[in-house]
Each structure stands twice: as C-alpha cells, then as structure tokens.
Amino acid sequence: MVNSVEIRNLDLSFGSVEVLKDLNLDIAEGEFLVLLGSSGCGKSTLLNCIAGLLEVTDGQMFIKGKNVTWAEPSERGIGMVFQSYALYPQMTVKGNLSFGLKNAKVPKAEIEERVARAAEILQIEPLLNRKPGALSGGQRQRVAIGRALVRDVDVFLFDEPLSNLDAKLRVDLRVELKRLHNQLNNTMIYVTHDQVEAMTLADRIAVMKSGKIMQLGSPDEIYNKPKNLYVADFIGSPSMNFLEGQLEGGTFKKGGVVLPMTGYQYVNPLQVTDRPVTIGIRPEHVVTGELVAKAPVQSEVTVDLVEPMGSDTLVYATLDGATFRVRMDGLASVGVGQTLSIGIDPAKASLFDKKDEARI
Amino acid sequence: MVDASVNAMTGPSGPKPKRVFSSTNIIIYGTLLVACLYYLLPLYVMIVTSLKGMPEIRVGNIFAPPIEVTTAPWTKAWSEACTGVNCDGLSRGFWNSIAILIPSVILSIAIASVNGYALANWKFKGSEVFFTILIFGAFIPYQVMIYPIVILLRESGDGITSFIRLFDSDAPNFRLMGSVWGLVIVHTIFGMPILTLLFRNYFTSVPEELFKAARVDGAGFWGIYFQIMLPMSLPIFVVAMILQVTGIWNDFLFGVIYTKPETYPMTVQLNNIVNSVQGVKEYNVNMAATLLTGLVPLIIYFASGKLFVRGIAAGAVKG
C-alpha cells in the first residue's frame with residue numbers, strides 16, 4: 001500500500017534554532033494521525049511544513065507518492081483547518097467555501113454541487129448566505145472544515161481546531177470529527193496538546209518533544225506501554241506515579257517498597273540486568289477495597305488530600321516518602337489521615353532505565 | 001435587624017448623584033472653552049473680514065460683524081485676483097492642485113499598500129533591512145533632497161525625450177521638471193515611508209492564519225491582496241487617503257520648487273496673492289482666498305472623521 005504522507009529526514013531551522021531535526025514519518029492511507037505535544041515541541045511547525053506554508057531546511061516530503069517538497073500549498077492536495085478558523089470575514093459562508101475552487105478554476109456548476117454536498121455533510125446549509133461574523137464558534141469551525149472538504153483533498157490537516165471552543169462544544173465537535181473521518185476515510189493529521197482529543201480520535205499518536213517524535217503508536221500502546229519516561233509522564237491525567245529504585249533479580253526495591261515484577265513484559269527479556277530504574281504506576285491501575293486481596297502486591301499508604309471529581313475520586317497519599325496518586329471510585333469514602341490499603345499489579349506498571357529513560 | 005432594614009430603605013441606592021457644577025467639571029469645561037476660543041476666534045475674524053467691503057475694514061474694528069454683507073471678495077479671490085501676469089484668480093491654482101492631488105494620492109497609496117502588504121506577509125531575505133532603510137527615509141530632512149531631485153527630474157526628463165526621439169525625431173521636449181507629473185512623482189516618493197509603515201503595521205495585525213488559509217486555497221500574491229486583504233482594510237485606506245490629501249494639498253515647498261507659474265498649486269498661488277506688494281492690501285480678498293484654499297482638507301476631515309479615528313486606532317498606533 002502506498003503511504004498517504006511520507007516524511008524523509010526532515011530538518012527545519014529558523015536561523016540557528018533547530019525546530020525539527022531529522023524527522024521521519026509514514027502515514028498510511030485513511031489513517032487518523034495525531035501529533036501530540038506540549039507547546040513549542042514543533043508539532044504545529046511540522047504541520048505547516050506538510051502544508052507547504054514553511055520551507056523546509058532539508059529533507060523530502062511525499063504525498064500520495066508524489067514528491068511535494070517544493071510544491072505550493074495549493075498543489076499538494078491538502079486542506080487545512082486552523083485554530084482561529086481563519087474564515088475570510090468579508091465573504092459569506094458560501095464565498096468562503098468556494099474561494100479555493102474559484103482559484104482552481106473549477107466550473108461554476110461543479111462549485112455549486114460541491115458546496116452543496118459539503119454543506120449537507122456538515123449541516124451548515126441554512127448558514128450559506130451569512131457572514132462569518134454572524135456565526136457561533138462551533139458553526140465557524142464547521143465552515144472551516146467545510147472549506148477543506150469542498151476541495152476534495154487527499155489529506156486533511158487540523159491545527160488545534162477545537163482549542164478555541166468551550167468544553168461542551170469541544171466534545172460535540174470531537175465526536176463529529178470522528179464520525180466525519182469514518183464517513184470520508186481521508187487521511188487526517190491532527191495537531192493538539194489535549195491528550196483526551198488525541199486518545200479518542202487517533203488511529204496512531206505521535207508524541208513530540210523538542211522537534212523529535214518520542215513515540216509513535218496506537219493510543220493503547222502510548223497509554224499502556226510508553227516507550228520512555230517523557231511519554232509516560234506526559235500521557236494520562238492525573239499523571240503516572242514514579243518511584244526511583246533498584247532492579248535486583250527481577251524485583252523492584254526502594255526502601256520499604258518491594259515489588260516482584262512477575263508478569264511484567266520486558267522489551268528485551270534476555271537483557272534484563274540489575275540497574276537503577278524508575279517504575280511508573282498509573283493512578284487508575286492501583287486497586288483499593290476488596291480487590292486489594294487479589295492484587296499481586298499489597299501495600300498501605302496514608303491519605304494526604306482527597307479530590308472528589310464526581311465520576312471518580314483522586315487521592316493523594318504518601319508511599320515511602322513520595323507522593324502517590326490513587327484513583328478511586330466516585331462513591332468511595334476516604335478521609336484525610338486515613339490509612340488506605342492498596343494493591344498493585346506489576347504487569348501493568350512500566351519500568352524505565354534511570355540513565356537513558358527508555359522502557360526496559 | 002430592624003436598624004439594618006431601615007438603613008436599607010433610606011440609605012444610598014442606585015447610581016450616585018453627580019453635581020453639575022463640581023470643581024472638576026468647571027475646570028474641564030473651562031479649559032475646553034478657552035481652547036475653543038483660541039482656535040475659533042481667528043476663524044471668526046477671517047470669515048467676518050472676508051464678508052466686508054474695504055471701507056468697512058479700514059475702520060479697523062476687526063471683531064465687528066459686517067454691516068453690509070458682500071460676497072465680492074470671494075468672487076474676486078476665486079476668479080479675478082492677479083498673480084504675476086495671470087488674472088484668473090485662485091481657480092487656476094485649484095485645478096492645478098486637483099490635477100496634482102488625484103494622481104499623487106492614487107499612485108502613492110497603491111504603491112505603499114502593496115509595499116506594506118509584501119513587507120508584512122511575504123517576508124523575503126533582507127525585508128527587515130529594506131523596511132528599516134525605508135523608515136529611515138522618513139527622518140531625512142526634505143531640504144537635503146531638494147536640489148538632487150531637481151537634477152534627477154531634469155535629467156530623467158531629458159532621458160525620456162531622447163528615448164521618444166528614437167521613434168519620432170520631431171517629438172517636442174518632454175519635461176518632468178516644472179510639470180505636474182514631476183511633482184506627482186515627488187509627492188509619491190515622499191509619501192512612501194510613512195504610508196508603507198502605516199500599511200505594514202495594519203497588515204501585520206491581520207491574523208496570519210487568514211493569510212495561510214488563502215495560500216492553501218490557492219490564492220497567489222495578487223489574489224490574496226485583492227480578494228482578502230483589500231476588502232478588510234477600508235479604514236486604513238481612508239487614513240492613508242486623508243494623510244495624503246491634506247499633506248499634498250497643503251504642500252507649499254515642493255509646489256514652488258518643482259512647478260512653474262502656469263502649474264503652481266493653489267497654496268503657492270495663495271501666497272502670491274496674499275504677499276503681492278503692489279497696490280492696496282485687500283484684506284477681505286486675502287481672507288476669502290485663504291478660506292477657499294483651506295476648504296478641501298476641511299471637507300475631507302468632516303466627511304471621514306469617524307473612519308479616520310477607526311483606522312488610526314486599528315493600525316497606526318498598534319504594532
């Protein structure tokens with residue numbers, strides 16, 4: 001199968017600042033890829049490079065097998081949706097949708113047809129004769145998506161499209177986007193700093209940090225088997241608990257904490273040697289109550305702080321001198337100062353080498 | 001409990017009443033009134049004088065309203081007053097000024113807006129240096145450049161003449177120096193730094209994503225300029241127009257240097273009428289002529305005041 005987008009050894013620097021460094025990425029036809037990272041990690045820059053809005057310093061880029069490294073944005077077969085919608089304020093919705101087609105000299109009848117079809121898919125037919133100023137945020141973003149839709153492109157690029165919307169609309173449009181992807185089956189590349197968006201939308205997520213891809217994988221892999229400490233820490237809210245200790249003969253030891261790593265899948269089972277390690281345990285993988293008895297490892301912690309969030313309760317406790325977060329059921333009753341029995345399954349934990357922070 | 005509820009009934013409620021004759025108000029409005037008088041009194045004297053006949057003026061009471069209102073000074077100023085050998089009043093200067101104004105304003109705004117757009121959105125290698133040099137141009141005193149430009153206009157006029165003569169050996173001399181077109185070029189050049197700055201700052205304030213979206217939609221340099229940027233920038237075009245119209249209309253220095261008596265703009269002609277030393281000083285005609293000359297910028301300000309403020313607020317101050 002031909003990859004929809006291929007990026008080969010891409011470099012980009014602004015003067016002496018290297019933003020992207022030797023980046024390689026293959027995106028399959030019809031895939032929904034999310035570029036995830038904190039601000040300044042180069043994810044938007046990468047998207048702008050794919051769109052052709054930034055000139056690359058080195059490397060190549062292919063879309064549908066065609067080398068587009070030097071091509072203009074409009075020649076690449078991409079459509080782009082921006083965070084601030086970027087609708088042309090003086091044109092009606094219809095004018096916004098047809099602007100690209102007019103520039104491409106598409107016959108009038110076909111423009112009408114395509115605009116009508118996009119408007120139908122996005123349910124913006126009643127808005128066609130309004131100006132962007134008279135639309136709500138959600139409607140504007142829908143028009144912005146429509147502008148990419150009418151152009152019948154191979155690849156959709158989204159630059160944090162939901163960040164300007166309020167929380168409820170964001171969830172609604174997220175679902176709508178997923179539905180749209182199922183319906184159209186286009187390749188979509190989506191930039192966000194919101195991990196919930198990334199987890200829910202993506203076929204694959206690329207977690208980026210300072211211009212490099214830290215891990216590329218399915219949401220499940222990213223969440224359950226983070227390749228390094230950065231990804232482990234970045235994904236998940238509340239974030240993972242980390243304990244620094246020593247791996248000795250297949251057992252994690254740190255002061256009073258002893259965790260035999262039975263059932264843990266090592267990346268390279270033949271090369272497990274004793275060394276200083278960091279263990280990561282997700283707050284939601286810690287069990288309490290009746291389940292503790294069934295867990296392979298049991299321990300006790302003292303509760304410092306309780307954050308009830310309705311659907312679940314977040315407990316901040318102390319384990320061997322370090323803060324330890326536990327996610328409990330929303331109905332659980334815990335009080336500050338109480339001693340809490342917890343159960344941990346080492347198979348669900350993650351071990352990282354202390355030196356290079358890579359998963360072992 | 002009881003006390004509190006009684007207080008709630010009788011105590012302060014709603015907006016706090018304001019005294020009309022507070023000391024603050026007296027100071028503010030008093031200052032404004034003085035400032036108004038300061039500016040309006042000369043205007044009043046001018047209007048009143050321009051409506052009087054010479055015998056009334058000789059009485060010497062400049063603040064007195066005219067006893068016998070006459071429009072003769074206005075007619076004389078417009079169509080009969082003599083400057084040099086021409087005795088057709090300010091009307092000649094008025095049309096000259098119009099002929100200078102319209103092409104200068106259109107040309108300078110057209111070039112400067114494209115300049116500003118390119119500098120804001122199509123950054124090229126050295127565009128910042130280019131911009132700095134252009135802005136630096138705004139700070140060089142005009143007087144330094146006057147004579148070089150005289151030579152420049154004369155020589156390029158000669159150059160164009162010899163070029164035309166390649167095709168038509170009997171063609172008359174083509175002159176830039178002393179012609180309306182020479183002055184148009186000078187005004188266009190001198191308007192460039194400030195206008196480019198104005199447009200660049202305005203276009204920089206337009207969200208960059210809009211420009212990116214247009215590029216993805218396949219619009220090129222001119223497509224984005226005409227279809228996206230231009231329709232969004234009416235206020236700044238109005239500001240530029242006002243700046244240029246008033247600036248060019250009020251210009252005296254360039255007008256007197258780069259044109260000749262037949263093509264003098266209105267300001268130069270006004271000066272020649274007012275400062276003529278022969279015969280009686282006709283104050284009423286002078287006043288009328290001055291008012292006539294000032295009329296164009298005045299009308300422009302009144303007609304576009306609101307847009308002017310909007311444009312200044314949107315583009316020039318910010319950035």
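Me: What percentage of the 319 residues in chain B do buried residues make up?

Reply: A residue counts as buried if 20 or more other C-beta atoms lie within 10 Å of its own, as exposed if 12 or fewer do, and as partly exposed in between, with C-beta atoms placed from the backbone. In chain B, 31% of the 319 residues are buried; in chain A, the figure is 39% of 360 residues. This is a predicted model, in which local features need pLDDT of at least 70 and side-chain atom pairs count only at pLDDT 80 or more, while totals for chains, interfaces and linings use all residues. Residues are numbered from 1 along each chain as its sequence is written, and chains are lettered from A and ligands numbered from 1 in the order in which they are written.

Me: How many helices and strands does chain B have?

Reply: Helices (H or I, at least four residues) and strands (E, at least two) are DSSP runs, numbered from the N terminus. Chain B has 14 helices and 0 strands. The radius of gyration, taken over C-alpha atoms, can be set against the globule rule of 2.2 Å times the number of residues to the power 0.38. For chain B the radius is 27 Å, well over the 20 Å that the rule gives for 319 residues, so the chain is more spread out than a compact globule. Along the principal axes, its C-alpha atoms fill a box of roughly 110 × 75 × 30 Å.

Me: Which domains does the assignment give for chain B?

Reply: Domain bounds come from an automatic or database domain assignment. Here it gives domain 1 (18-70) and domain 2 (72-316) of chain B, with C-alpha centres 34 Å apart. Two residues are in contact if their C-beta atoms, placed from the backbone, lie within 7 Å. By that criterion, 8 residues of domain 1 of chain B touch 10 residues of domain 2 of chain B. On the domain 1 side, helix 2 (23-50) and helix 3 (54-58) of chain B each supply at least two residues, and helix 2 of chain B gives the most, with 3 residues.

Me: How many residues does each chain bring to the contact between chain A and chain B?

Reply: Chain A gives 17 residues and chain B gives 14 residues. Strand 6 and helix 2 of chain A are the elements that give two or more residues to the chain A side. For composition, Ala, Val, Leu, Ile, Met, Phe, Trp, Tyr, Cys and Pro count as nonpolar, Asp, Glu, Lys and Arg as charged, and the others, Gly among them, as polar. The chain A side divides into 11 nonpolar, 6 polar and no charged residues.

Me: Why is helix 4 of chain A described as largely enclosed?

Reply: Of its 13 residues, 11 are buried, so helix 4 of chain A is largely enclosed by the rest of the structure. Its cover includes strand 6 (78-81), helix 2 (93-103) and helix 3 (108-122) of chain A.

Me: Which residues have the most contacts inside the largest nonpolar core?

Reply: In soluble globular proteins, nonpolar side chains tend to be buried together. A nonpolar core is a set of buried Ala, Val, Leu, Ile, Met, Phe, Trp, Tyr and Cys residues joined through C-beta atoms within 7 Å. The largest here has 139 residues, and A:L157 and A:I189 have the most contacts inside it. Helix 8 (residues 180-205) of chain B provides the largest share of this core, 12 residues. Leaving aside neighbours within four places in sequence, A:L157 is in contact with residues including A:L47, A:I50 and A:I189.
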